[in-house]
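Please look through the sequence and the structure below. The paragraphs that follow go through some of its side-chain packing.

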Amino acid sequence: MEEKDKASTRPDYVKFWKGVVANNKTNPNILSADGDVQVRLAMEGDYAYVGDKTQIEITMATNCHLTMVLSDIVSMQYAIAFPNNSPFTKIFSNELPSNTIASNVIGCWNLWKCTTDGTTDVTENRRTYVRKTATNDDTILNCTLLCSLKACQNYLAKPFEYGRKHVVRSSLIHNSRWLLGIVDNEDISVFELTNSTVLDNVAVIQYRTSVLNKPQHHTNKMDFRDTKDCIWLPIKTLMWEKEKRRWSTVGYLQHSGSLLTLTEIFPNSKMGFNKRKFLVGTLPWDPFVIFNEKGNEYTGFTIDLLHHLALALNFTYDITQPHDGKWGAQMENGSWNGLIGQLERRDVDLVAAPVAVQISRENVVDFTIPYYYDAPAILLKKPDPNAKKWRTLIDP
C-alpha cells in the first residue's frame with residue numbers, strides 16, 4: 001500500500017499516510033514491502049496491517065489468530081497496462097469479457113479454468129475470438145506500392161529502422177495493410193525468408209517488365225493492358241509459418257481490372273498477433289502472480305488471464321520483473337520507477353499484474369478495462385478469549 005498511499009493526492013489517502021508515518025516512526029520494519037513481515041507484526045498484537053482484502057483473506061485462511069476489518073478507503077481496480085498511445089489497449093480491452101470483472105478472485109479463477117482446462121473442446125471458440133477481436137478497423141493504415149522488387153524490399157525495411165520501443169513500429173506491424181504492385185521478372189520468393197519483413201499484412205501482384213516497354217503515347221501513366229487481357233495474374237499474400245513466411249494465392253486479377261478473390265486479401269489480419277512475442281512485466285503478488293524460483297515459473301490468476309489472452313489473440317510472451325522490485329511511483333525527477341517506469345521507457349510491451357488504476361499513472365500509461373476490483377482491509381490479531389477469564393468468579 002505504501003507506493004499508492006504515499007504518492008496519492010486524494011485527501012483520504014493523504015490523511016491516512018500522514019497518520020501511518022506519524023504513529024510508526026520507531027519501527028523501521030513498519031513500512032516493509034514484505035507481506036510476511038507485516039503479518040508477523042500483526043501477530044505480535046501491537047500493529048495492524050493495511051493491505052488488499054484478497055491477500056488478507058488468504059492469510060487468514062491459514063491463521064486462525066487473525067481477523068479482518070473492512071476499510072472505508074476507496075476500492076482498487078486492477079487492469080492490464082500498456083505504454084501511452086499503444087494501439088493494442090483497445091484490442092485487449094475488447095477481449096476482456098464483462099464477467100471477468102468481479103471482487104471474488106476464486107470465482108473469477110474458476111470461470112477461466114472452466115473455459116480453458118475443461119473437457120470441452122474450445123479450439124473453435126478460440127478461433128472465433130481471434131476472428132472477432134484481432135483487428136480494429138478504425139486504426140488500419142492502407143498502403144499501396146508500385147515499384148521494382150528491390151525498391152519494395154528497401155521500402156518495407158525502412159519503417160523498421162525504429163527501435164522496438166518506438167510506438168510507430170508496433171502500429172505498422174499490426175495495423176497496416178500493404179498491397180505491392182511489383183514490376184519485375186525476378187522471383188518474389190525472396191519474401192518468404194524469415195527476415196524479409198515483419199509486417200503482418202502484405203499482398204503482391206507481380207507484373208512482368210514488358211509492361212514498361214510499351215509505348216505510353218506521351219503520358220506519365222503506365223498502361224497495364226496488353227493483347228493478353230484474358231490472362232489472370234495471381235494475387236499472393238504472405239502467411240506466417242513456424243520457420244518462415246509463405247506465399248499463398250488469395251485471388252486473381254486481369255489486366256482489364258476484373259477481380260476474382262478466393263479468400264480475404266489479408267487473412268493475417270484475422271489471426272490476432274500472428275504468434276508475435278511480447279515482453280510482459282509483472283511482480284509476484286499472491287494469488288494474482290505467484291513466482292516459483294526453483295522452476296522459474298509464474299502462476300496465479302493474472303497469469304491465467306494472460307494465458308487466455310495469448311490463446312485468444314494468438315501471441316506468445318516472455319515475463320520479466322523490474323530490477324527495483326517496485327510497482328510504480330513518480331520520483332522527484334518526474335520519471336517513474338517499477339512496473340510503470342518499464343512502460344514509460346517502453347522496456348516492456350505490457351504489464352500483467354495487479355496494478356491499480358490511478359489518475360497519476362494514467363498520465364504516462366494506458367489501462368484496459370479493469371479485470372478485478374479489490375478493497376483495502378485491515379488485518380488484526382484476534383483478542384485472546386482467555387485473557388479475562390480469571391475475573392469470571394469475581395465480576396458480577
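Is Phe88 buried or exposed? In this predicted model, Phe88 has a relative accessible area of 7%. The cut-off for a buried residue is under 20%, so Phe88 counts as buried.

The ring of Phe88 has a partner. The structure holds 19 aromatic pairs. In one of them, the ring centres of Phe88 and Phe273 are 4.9 Å apart and the planes meet at 80°, so this pair is edge-to-face. Phe88 sits in the loop that runs between strand 4 (81–83) and helix 5 (89–95), while Phe273 sits in the loop between strand 10 (259–261) and strand 11 (276–281); the pair therefore ties together parts that are 185 residues apart in sequence.

Phe273 is buried as well, at a relative accessible area of 1%. Phe273 also forms an edge-to-face aromatic pair with Phe278, with 5.1 Å from centre to centre and 75° between the planes. Phe278 is buried, its relative accessible area being 5%. These rings belong to a cluster in which ring pairs link Phe82, Phe88, Phe92, Phe273, Phe278, Phe315 and Tyr317.

Another ring contact involves a charged side chain. Arg245 lies over the face of Trp240, 3.7 Å from the ring centre.

Now turn to helix 8. This helix spans residues 149–157, and Leu149, Cys152 and Leu156 are buried in it. Viewed down the axis of helix 8, the buried residues fall within an arc of 60°, so they line one face of the helix. What do the buried residues of helix 8 pack against? Their partners are strand 5 (141–147) and strand 6 (176–183).

Methods
Residues are numbered from 1 along each chain as its sequence is written. This is a predicted model: local features need pLDDT of at least 70, side-chain atom pairs count only at pLDDT 80 or more; totals for chains, interfaces and linings use all residues. Side-chain values use heavy atoms; hydrogens and water are left out. Buried means under 20% relative accessible area, exposed over 50%, partly exposed in between (1.4 Å probe, protein chains only). Helices (H or I, at least four residues) and strands (E, at least two) are DSSP runs, numbered from the N terminus. The arc is that of the directions from the helix axis to the C-beta atoms. Contact means heavy atoms within 4.5 Å. Rings of Phe, Tyr and Trp (its six-membered ring) pair if their centres lie within 6.5 Å; planes under 30 degrees apart count as stacked, over 60 as edge-to-face and the rest as tilted. A charge sits over a ring if NZ of Lys or CZ of Arg is within 6 Å of the ring centre and within 35 degrees of the ring normal.
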